[in-house]
Structures are given as structure tokens and as C-alpha cells.
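Hi,

Here is the structure I said I would pass on. Have a look at it first, and then read my notes below.

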Amino acid sequence: MNFKTKLIHFFKLIFPSSLTELWVFLFFLSLYGILGSYIAINYTIIFDNRIPWDAYFSFDNRSIVMTGGSFERHPLSYYFFNWIREFAFLISNGKMDVTFRLVLAWFSITTISLAILQVFKYLKNIIRIPLMINLIIILFFGLFSTSILLSFTPENFTYTFFLLCLYNHYAAIKLKKEEKISGLALVFAGVSVGGLTITNIFKVFIPVLFEKDLFTKWKKFGNAALRVAITCICFILLYLNRIDFKYKNIFNKTNEQYEKFSNVKSTPTWDMILSYFFGGNILFSNFIIRDKHNMKGFHFKGLIMDVYSSWVPYVFIALLLSLIFWSYFRNFKNKLVQVVMISFVVDIIIHCIMRFGLHTSYIYGGHFVFVYPILLGWLFYSYRSSPKALSFLTLTLGILLVYLGVNNYLRMTEFFWFLDSYYQ
């Protein structure tokens, strides 16, 4: 396969390659585009040069856009956001005005729309579920709180979300064809995904474990080990170059961050796990307004999520998780299901067991929420020969979709009240 053919396949993988895919992409591009453009034009919350962090839901918009974020968690995002920031300045003539905010917003709008498209393609081309069920699942996914918030937020999570969706789709294609994941793709995924959020680099290697005959043929195992080693070496060298090879800073900063984000005792752990980790990424909770300041004398209002105050959202999350784990055990022998579930377990360990950032884990949804629609797709696929089961699953998902849509719409009206009050 020559370079031109590979390039064509690459663009077909990322962008719509059929009329149905184009309509799905344009639908979400329009939906998120209207939302993001309205916020960027009428409010300052997407980027305010005086507010480095925590204006809403603990996102660090200005800090990320201007510096890429902390190097110990986001080692290479400095370079990535340099490009985005300079392009935004080019369009806005160097001003941090409404045009600057619009450019930042449209980067996010396009990225999240492409991420949604990747999951749609996965359901369509890998699982091959009926189009109507696919559209219900993808609409459900598109209304997740994470999908909505990241669609206008210039953050690491926005781009990690897309890259993980893209890589999982690519890896699924390779595993389904019983082909190995190319070394170049592995290096690109490791550097980009791990460079934006370091803990996600482990997820890049998970599909390699499921390559055909990996543990029965030494030659294939050695080849896989070499690809992983090259990826790690490239990542480590780029990381060390970013910090001028002062590697001790990594350990010092990592310990500081762990202490800062893991010792919160104001809310029971079980409630943070349900309301923030499993729930907040999908179903908005009620909000709390807090007084914040930028450490330089400027005071502003910040918005965060509270735990759920009604029993209904807990039932919603419990029902959805039941479907997800039902799908996992139903498709236990499917290596593609194992790949996405192991990826999910990585985040469960980091946030729920190690408790890193558990009190704000609703912002980490870009790392794993794509697991939900994919596993729902596999659940429907496993009952493809059972009309009664399919009817039951469709009805259940339909009820969840309606509740999700109504709840998140009402919460977004509260978010706009917050914007009207403090960010006009």
C-alpha cells in the first residue's frame, strides 16, 4: 500500500465517508455549533484573560490555552495549544476578543463532532447494528454532559476525547481483520494521547495485547514489544525535552498534585463515585456557585457540580451501569469488548480506587464515556436474533434518552442563568 492510498484511508477514517456519516456529522456540528457560538459571542466564560481556572466545572480554560496546563499531567499539550492559540490570534488580529473565543469554540465544536462520528462509525462498521438503533445510541451519547460541555470548552479533555475515540475505532478495525497495529500508528497515538494526558498512554497499548497469536509466537511477541518500546522511548524523550531533562520535577509535581486532588473528605466516597465519576459525565446534577479568585486580586464566580439530590438520577445511573456490565458479561469472550472495558478499568482505578480527582471526576469524562455507547452497541448486537430482547432494550434506552435529554436541557438553562448573571 503506497503513501497516497494510506493517506486516503486515514482521511476516510477521520471524516465522513458515506452520506449517512455526513448527515450525522453535520447534525452534531450544527447542534454544538449553535450552542458554542452563542456562548462565545454573548459571554466571556470560554476565555477570560483574568480567570485562569475553575470558572465552570473545574475546567482550566485560560491556563490550558496559554500554557497547555501542568507538565506532569499534560506533558506535551504545551506545543499543541501553542498552535491553537497562535491560529486564534491570527484570526482575531492578536486580540483576546469575541473572535478569539469563537475560534477556540469552533476547534472544540469540530473536534467533539468528529469524536461522535468515530463512535457512530464504530457502531456502524465494527458492530454493524441496525441504523435506527445506532442513531438512538449516538443521540444518547451526544447528549451526555461531557459531550455538551467539551463541545465549547478549549481543554485537554476535548482533544483526548476525540483521539481516544479515533484510536479505539482504528484498533477495532485492525483487530477485527486480525492485523497488527502499525508501529507508526502506535507512536502517533502514544505521543498524542499520552502527551495530552499522561495516564491515557497505557490505553494505547491495550489493543496490542489482543493481537492474534501474540502469546503463542515469539516473533509476533517480539515485534509487539519492539513497537511498544519505540513508542515509550519517543514519548519519554519528548517529555524530557519539554522539561529540559529535569526529571526530578516530574516526581515532585506529581506528589503535590496527588496530595491536592486525592484528599477530599466533605462527601462520602460512594456518593462521589456515583454522582461524579459514573454520573456527572452523563447526567448533570444540580450546581453550586462558589466565590473564586485568581491569586492576583481578581474575584469571580465559579460553578461546580453537586452530588445528586434526588433518588431518580441514582436509578438512572444504576440502570445504565446494569446495561453496561450486562453487555460486558454477555460479550465476555469478545476481544473488542475486553479492550474498551480494560480501558475503562484504568480510569476506575485512577479515580475511584486511588481517588485522584474523584471530587471533580465529572470533568474527566473525555477519557472514558465513549465506552458507554460502544458497550450498548455490543449489547444490542448480542441479542440480534431475539426480537423480544431487542424491543425491551430499545424501550429501556428510549426512556433513558428522554430523561437524559430533559434533565440536561433544564440544567443547561441553569448554566445560562449563571452566564447571564456573571459572565456577560
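**Where α4 meets α5**

Let me start with a helix pair: I84, R85, F87, A88, F89 and I91 of α4 are in contact with T99, F100, V103, L104 and F107 of α5. Sorted by class, that contact between α4 and α5 is made of nine nonpolar residues, one polar and one charged. Before you go further, please keep in mind that this is a predicted model.

As for how the pair is arranged, two packed helices are described by the angle between their axes and the distance between the axes. Here α4 covers residues 77-91 and α5 covers residues 98-127, and they pack at about 135° with axes 8 Å apart. An angle over 145 would have counted as roughly antiparallel, so α4 and α5 are oblique to each other. The crossing of α4 and α5 is right-handed.

**F81, also in α4**

While you are looking at α4, find F81, which lies in that helix. Is F81 buried or exposed? F81 counts as buried, because its relative accessibility is 0%. Leaving out residues up to four places away in sequence, F81 touches I64, V65, G68, P154, E155, N156 and Y159. One of those contacts, G68, sits 13 residues from F81 along the chain, and the C-alpha atoms of F81 and G68 are 5.6 Å apart.

**Two positive phi values**

Next, the backbone. Most residues other than glycine have a negative phi, and most peptide bonds are trans. F57 is not a glycine, yet its phi is positive, at about 55°. You will find F57 in the loop between α2 (19-42) and α3 (61-67). S58 is also in the loop between α2 and α3, and S58 has a positive phi too, near 65°, again without being a glycine.

How buried are they? F57 has a relative accessible area of 0%, so F57 is buried. S58 is buried as well, because its relative accessible area is 14% and the cut-off for buried is under 20%.

L209 counts as partly exposed because its relative accessibility is 46%. Which residues does L209 contact, leaving aside neighbours within four places in sequence? L209 is in contact with L214 and F215. Along the chain, L209 and V339 are 130 residues apart, but their C-alpha atoms are separated by 8.7 Å.

**Cysteines without a partner**

Last, the cysteines. A disulfide is a covalent bond between the sulfur atoms of two cysteines. How many disulfides does the structure hold? The structure holds zero disulfides.

Two cysteines, C234 and C352, show why. For C234, the closest cysteine sulfur belongs to C232 and is 9.4 Å away, which is too far for a bond. For C352, the closest cysteine sulfur is in C165, at 20 Å, so that pair is too far for a bond as well. The cut-off here is a pair of sulfur atoms within 2.5 Å.

Happy to go through it with you.

Best wishes

Notes
Residues numbered from 1 in each chain as written. Predicted model: local features only at pLDDT ≥ 70, side-chain atom pairs only at ≥ 80, totals over all residues. Heavy atoms only, no water. Axes fitted to C-alpha atoms, helices over the stretch in contact; angles between N-to-C directions. Helix = DSSP H or I, 4+ residues; strand = E, 2+ residues; numbered from the N terminus. Parallel < 35°, antiparallel > 145°, perpendicular 65-115°, else oblique. Left-handed = near helix turned anticlockwise from the far one by under 90°. Contact = heavy atoms within 4.5 Å. Nonpolar A, V, L, I, M, F, W, Y, C, P; charged D, E, K, R; others polar. Buried < 20%, exposed > 50% of the residue type's maximum accessible area, 1.4 Å probe, protein only.
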